[in-house]
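Hi,

Here is the structure I promised to pass on. My notes on it follow below, and I hope they give you a handy way in.

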Amino acid sequence: MEPIDEPLSGGGRYGEAVFPPGQAGEGERIDFGALAYDDITMARLRALGVGPGWRCLDVGAGTGTVSRSLLAAGVASVLAVDRDVRFLGARTVPGLDVREADITAPDFLSGRFRLVHARFVLMHLPERDRLITALAALVEPGGVLVLSDAVDLTGDRTPETPYSRVMRAMWQGLRATIGTDVSRVPSYPHLLRAAGLGPVAAEIHVPPLLPGSPISRFWADTWERSRAAMLGTGLVDDTAVDEAVRYLGSEECAALSAGMLTAWGWKPENGRGLDNGRGPENGRGAEGGAR
Ligand SMILES: C[S@@+](CC[C@H](N)C(=O)[O-])C[C@H]1O[C@@H](n2cnc3c(N)ncnc32)[C@H](O)[C@@H]1O
C-alpha cells in the first residue's frame, strides 16, 4: 500500500515557528549547508549536461548559492523562487531573476524550464506527491527535474551517542512542529517516475562530520534553532542538546551525518513515452545529460 502523503504537523510551517528568515544568522545557517553540499550539487548538475543555453528554475532557493553557481557555469538564466526572498535580493547577479512565491499555492508559477531544481525544500512541505507533479509540469520536454533532500542514516542499531539522541529528537520535533518528513526521501526516484518522468536515477552524498566543518556547524546551528521543537518531544533536555553541540565540535565525535539524496528524472520529448524509447546511452550523454 502507498504511504499516505498528508500533513504531519500541528499546522506550523517552515520559516514560522522554526527557521524564521528574520532571525539573526539564519542566512549563515543556510550557507553552512550550502558550503557542505554545493560542490556535490554542481558536479551532478554539470554531469546532467546543465550549461550554456539552459533556462533554469531554482525552487526554495534560500540564499541563492546554487542559482549563482548555475550562472557562473554559463546557463542562460535562473529564476530563483522562495517564500521569502530577502537573502536572494541581497546578492543579485546578471541573469538572476528573483520571485517571491509559495510553491504550495496552486499554479504558483507558469512557464517551462530545461532544469527545475529544488534542494532541502520538499522535505519540509506537505503534499509531496502533488508538488513533485507540479514541478514536473514546469520542466520542458527533454529537460530534467532534480530534487535533493536529507536522508536520515540513524537506525535501531545506531550506537547511542549525544549526536544520535539529538538527531532523533530533531527529526521528531521538526515533524511535530512544521511537518518535516524525511522518511519518504528514498522514494523520490519512484515519485519522479509516477510524475511521468523517465529515465530516473539517484545518488547519496554523506559529508564527513569533522570538528569545525561546514556540516558540523550547520547541525549545531540547526539544533540551536530547533531546540524548542526538540525539547517538546520529551526525548532530550537542554543538557543533552548542549552535550551534543560540544560532542559534534570535538575529536570525540564518531557519527554519520544525515546524507543528501539527489534524484533526477527526464521529461520525455513531445510525443514520446518514458525513456523516449531510447536508453540513456544513445539518447543522452554518459551521465544522462542532453547532447
Ligand atoms: C533549508 S532552505 C534551502 C535553501 C536552498 N535550496 C539550499 O539548498 O541552500 C529551505 C528554503 O525553502 C524555502 N521555502 C520553504 N517553504 C517554502 C514554500 N512553501 N515556498 C517557497 N519556498 C519555501 C525557505 O524560505 C528556504 O529558503
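Predicted model: local features only at pLDDT ≥ 70, side-chain atom pairs only at ≥ 80, totals over all residues.

Let me start with L70: leaving aside residues up to four places away in sequence, L70 touches V50, C56, V75 and V78 (two residues are in contact if their C-beta atoms, placed from the backbone, lie within 7 Å). L70 sits in helix α2, residues 65–72; helices (H or I, at least four residues) and strands (E, at least two) are DSSP runs, numbered from the N terminus. L70 counts as buried because it has 28 C-beta neighbours inside 10 Å. For that term, a residue is buried if 20 or more other C-beta atoms lie within 10 Å of its own, exposed if 12 or fewer, and partly exposed in between, with C-beta atoms placed from the backbone.

Residues are numbered from 1 along each chain as its sequence is written.

For the overall picture, the chain has 10 helices and 7 strands. Of its 291 residues, 40% are buried. Among contacts with a separation of 6 or more, 74% join residues 24 or more positions apart.

Next, helix α9 (residues 238–248), whose buried residues are V241, A244, V245, Y247 and L248. They lie on the same side of α9, because they cover an arc of only 165° around the axis (the arc is that of the directions from the helix axis to the C-beta atoms). D238 and T239, on the other side of α9, are exposed. The buried residues of α9 pack against α5 (162–178), α7 (214–225) and α8 (227–232).

Turning to α7, its buried residues are I215, S216, R217, F218, W219 and W223. Their cover includes α1, α5, α8 and α9.

Finally, the ligand: 20 residues surround it, and the closest are G60, G62, R83, I103 and R119 (a residue is near a molecule if its C-beta atom, placed from the backbone, lies within 6 Å of it). Helix α1 (residues 26–47) gives the most to this shell, with 3 residues.

Happy browsing, and do write back with any thoughts!

Best wishes
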